[in-house]
Protein chains: 2
Amino acid sequence: MADDTTVSAVLDSLDRGLDAALDRLAGFLRIPSISTDPAHAGDVRRAAEWLRDELAGLGFQAAVRDTPGHPMVVARSQAGGARPLLFYGHYDVQPVDPLDLWNRPPFDPQIEDTPSGRVIRARGASDDKGQLMTFVEAFRAWREVHGELPSDLILLFEGEEESGSPSLRPFLRDNADELRASLAIICDTGLYADGRPAITTQLRGLVGQEVVVHAADRDLHSGAFGGLAANPIMILAQALSALKDDRGRISLPGFYDGVADLPPELARDWQALDFDAAEFLARVGLSTPVGEQGRTALEMVWNQPTAEINGIEGGYTGKGFKTVLPATARAKVSFRLTGTQDPQAIRRAFQDHVRRFVPGDCRVEFHDHGASPASVMDISDPAFAQAKAALTQEWGREAAFIGAGGSIPIAGDFKRILGMDTLLIGFASDDDRIHSPNEKYDVDSFAKGARSWARILAALR
Amino acid sequence: MADDTTVSAVLDSLDRGLDAALDRLAGFLRIPSISTDPAHAGDVRRAAEWLRDELAGLGFQAAVRDTPGHPMVVARSQAGGARPLLFYGHYDVQPVDPLDLWNRPPFDPQIEDTPSGRVIRARGASDDKGQLMTFVEAFRAWREVHGELPSDLILLFEGEEESGSPSLRPFLRDNADELRASLAIICDTGLYADGRPAITTQLRGLVGQEVVVHAADRDLHSGAFGGLAANPIMILAQALSALKDDRGRISLPGFYDGVADLPPELARDWQALDFDAAEFLARVGLSTPVGEQGRTALEMVWNQPTAEINGIEGGYTGKGFKTVLPATARAKVSFRLTGTQDPQAIRRAFQDHVRRFVPGDCRVEFHDHGASPASVMDISDPAFAQAKAALTQEWGREAAFIGAGGSIPIAGDFKRILGMDTLLIGFASDDDRIHSPNEKYDVDSFAKGARSWARILAALR
């Protein structure tokens with residue numbers, strides 16, 4: 001570990017250079033690199049080239065690498081004795097419509113004073129150009145103080161994150177030897193709340209399944225056939241409602257295989273977050289947590305699996321009434337997975353479960369959607385404790401290991417394709433309005449974010 | 001009861017006059033009285049006037065009576081000592097599209113020889129002009145033989161049956177004293193099967209109910225909220241699947257109040273029909289009767305109530321997958337009623353049932369659709385046995401008392417507004433293609449239908 005004096009020098013350099021760093025970020029934000037819009041393909045490439053030039057100027061071996069879609073920017077510092085680290089971010093942004101809801105042009109960034117502090121406002125300010133640049137500014141300051149970059153950094157900056165990352169997996173596979181490090185670091189998440197820094201150490205997996213129940217070969221009149229002919233909506237309702245027992249537990253056989261209670265260290269951290277489930281639900285007009293009894297709310301959203309019906313459709317749904325017994329009914333169902341739950345085993349268990357409700361003269365059809373296991377990082381890797389301590393020092397508040405209810409597919413890809421865990425750290429705030437008009441990033445997040453990386457780089461050496 | 005000789009003379013007259021009767025029917029069928037199409041309003045009135053003139057020519061006091069919609073034709077024979085009878089039919093017809101599926105112009109009727117006998121083909125041939133004219137031809141032959149019409153006949157012919165009968169109830173209410181008889185007779189149903197005549201003595205009622213479950217005040221992401229926030233689709237699936245128990249019985253408290261087992265006389269008749277549930281279901285691609293165990297198939301569709309989900313909708317139902325927890329989910333549910341089940345009590349029981357599944361922070365909204373009790377005719381009225389015997393004699397096959405799974409709202413209106421039971425007898429065949437291109441009516445149905453009414457008129461005197 002670097003001594004405190006060296007770190008202090010890097011932090012001082014960052015503080016002195018903040019205005020210049022904000023100018024550089026503004027330049028980056030002026031490039032409208034909207035990846036889903038083919039009309040902006042040239043801008044996406046321009047953003048990649050801008051990044052390459054920045055990184056080359058810092059001494060990285062940097063290149064714009066073509067893919068079938070938008071390019072990747074890959075950069076390296078020299079190999080050395082240090083632990084190899086892969087930094088990931090994305091330089092593409094979301095579209096800006098509806099444009100008339102923006103208070104200023106989305107690609108004309110500006111620093112604004114707001115009641116809660118200074119912000120830089122522009123599309124991409126938070127997601128992810130501002131966060132990505134916290135890496136770059138930390139590397140720049142390090143080089144200024146040390147005279148050289150930290151060794152064994154691999155940078156991978158993507159231009160398709162906002163359009164589904166179609167080229168990422170093939171690129172990881174084709175360049176696995178070049179990209180493999182001992183740990184990945186992603187800066188695309190947020191502070192936990194109110195400026196408390198956090199490291200996301202587990203993400204739920206996901207199985208998506210569409211189910212179509214076919215009964216009669218045509219829609220029937222419920223007067224003529226009601227009481228005698230099978231109703232596919234009822235079959236579906238019965239199969240889906242039986243997914244949970246009276247206590248809210250999911251009843252598929254073997255469903256909980258691989259679901260583990262929280263390790264005490266995480267349980268302590270989560271408890272300390274003082275998560276207010278009532279307040280969280282009140283924001284969306286609800287008040288009562290559902291789900292299995294005897295679990296905390298954070299356990300339910302981060303460490304427990306779910307079964308949810310995401311869509312259902314059958315029969316007559318227009319205005320008025322039609323006494324039809326429909327020929328088919330369909331639903332989309334998803335399972336959020338935790339621990340080592342096996343997505344394919346759960347898909348099979350669900351299909352078997354549904355089949356038990358389908359009479360012999362009816363038929364069920366399944367369409368498979370995504371299947372990914374949970375990502376659970378190995379927090380016994382000392383990098384986790386080191387990064388946590390560094391964050392705590394920088395933010396003056398105890399950093400927390402947290403979970404996430406959703407998936408970050410890239411973290412899963414790094415694990416599956418490159419065999420690496422990921423340190424998920426970010427500085428975005430809930431009110432950054434990412435994907436919405438008037439996106440912003442707190443200048444404080446930007447400044448302390450870069451300082452956080454300087455501390456973490458030092459801690460991980 | 002009239003003696004056999006007199007009846008024979010009327011039947012002979014009908015036989016002799018068949019070709020002329022078919023010519024008259026053809027003239028009636030040439031009038032395109034499509035009631036739903038405002039462009040045909042003049043034709044609808046023309047059909048009413050055609051009927052009035054026919055009936056006046058037979059000695060009825062006949063009039064075209066205006067309503068806010070299409071007119072009614074009301075006709076009377078002179079009052080006498082006989083039992084007053086109200087005959088109902090409708091002179092409007094369904095639209096004809098898709099016109100290109102017709103083998104000949106729909107309003108250019110023609111007699112065709114087919115492998116199963118002669119038919120008259122045109123829109124309305126079976127539904128209901130051909131059936132209505134079986135009444136008229138029977139009255140005509142009766143008059144020819146007796147020199148006068150049977151006494152105390154009230155004829156009510158409607159021009160809005162195919163467009164929802166909006167004017168019927170007000171007309172019945174406004175003219176109740178004039179229209180009230182001791183029994184109504186409707187000729188708008190069919191033979192049971194293969195030429196076996198039938199009298200429909202009970203019709204199921206119907207309660208329609210729409211239910212909307214509201215959970216969060218917006219659609220939620222299932223990663224962020226799944227496991228903690230209520231899912232309205234799941235709430236709906238649970239409430240609806242709990243409508244039935246393991247044995248297929250409907251579990252609403254008090255639901256079966258008023259449902260009676262079949263009287264032995266009807267049970268015998270229904271048994272004798274040799275209803276082949278497997279064949280009935282096979283026609284629509286099914287094979288296994290659902291519903292309560294230990295009941296015959298005909299009991300299930302005619303004498304047992306049902307609970308059916310007619311439509312359901314919630315969440316994302318487009319292509320692909322979206323891991324949404326929707327704000328709302330909705331379903332349309334209907335109950336077919338039998339015996340003396342109370343529609344309003346069942347609506348309340350259903351609403352109470354659903355409410356038990358809706359957590360305190362969610363909300364349920366109900367939209368009421370139609371509510372009508374079952375129509376169960378009092379077959380101890382001797383008219384039923386008399387008509388049954390007359391039909392048996394005419395068709396050479398034992399006539400049957402049967403039920404119907406659906407509703408015929410007019411029969412319910414006659415009961416509620418005029419206090420009369422209805423003798424539902426008709427001669428249509430399953431293959432008449434009513435409401436479809438190439439509608440036809442068997443000449444045999446037309447001829448024996450008119451003869452049946454002659455016999456029934458004689459029997460009921």
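**A walk through the two-chain model**

Asp274(B) is exposed, because its relative accessible area is 64%; exposed means over 50%, buried under 20%, and partly exposed in between, using a 1.4 Å probe and protein chains only. This is a predicted model, in which local features need pLDDT of at least 70, side-chain atom pairs count only at pLDDT 80 or more, and totals for chains, interfaces and linings use all residues. Residues are numbered from 1 along each chain as its sequence is written, chains are lettered from A and ligands numbered from 1 in the order in which they are written, and side-chain values use heavy atoms, with hydrogens and water left out.

Stay with Asp274(B). This residue sits in the loop between helix H9 (264-272) and helix H10 (277-282) of chain B. Helices (H or I, at least four residues) and strands (E, at least two) are DSSP runs, numbered from the N terminus. Asp274(B) has a positive phi of about 45 degrees, although it is not a glycine. Most residues other than glycine have a negative phi, and most peptide bonds are trans. His435(A) also has a positive phi, about 70 degrees, and is not a glycine. His435(A) lies in the loop between strand S17 (422-425) and strand S18 (440-442) of chain A. With 41% relative accessibility, His435(A) counts as partly exposed.

Next come the cis peptide bonds. One joins Asp97(B) and Pro98(B), with omega about 5 degrees. Pro98(B) is in the loop between strand S3 (85-90) and strand S4 (110-114) of chain B. The bond from Asp127(B) to Asp128(B) is cis as well, with omega near 5 degrees. Asp128(B) falls in the loop between strand S5 (117-121) and helix H4 (129-146) of chain B.

Now the interface. In all, 73 residues of chain B are in contact with 73 residues of chain A, where contact means heavy atoms within 4.5 Å. The two chains bury about 5,700 Å² between them, 62% of it on carbon and sulfur atoms. Buried area is the accessible area (1.4 Å probe) that two parts lose on being put together, summed over both. Between chain B and chain A there are 35 residue pairs in polar contact, both at pLDDT 80 or more. A polar contact is a pair of N or O atoms within 3.5 Å; within protein, one must be able to donate a hydrogen and the other to accept it, and residues adjacent in sequence count only if both atoms are side-chain atoms. Strand S11 (residues 306-315) of chain B gives the most to the side of chain B that touches chain A, with nine residues. Five bridges join S11 of chain A to S11(B), and the strands run antiparallel. Two strands pair if DSSP finds at least two bridges between them. Gly311(A) has Gly315(B) as its bridge partner in S11(B).

Inside chain B, look at strand S16 (residues 400-404). Five of its five residues are buried. Ala400(B), Ile402(B) and Ala404(B) point one way, and Phe401(B) and Gly403(B) the other. Strand S8 (residues 198-203) of chain B runs parallel to S16(B), joined by five bridges. In S16(B), Gly403(B) is the bridge partner of Gln202(B).

Asp43(B) lies in helix H3 (residues 41-57) of chain B. Asp43(B) counts as buried because its relative accessibility is 17%. Its side chain makes a polar contact with the side chain of His40(B) at 2.8 Å. Glu137(A) is in helix H4 (residues 129-146) of chain A. Glu137(A) counts as buried, at 3% relative accessibility. Leaving out residues up to four places away in sequence, Glu137(A) touches Leu14(A), Ala21(A), Arg24(A), Phe446(A) and Ala450(A).
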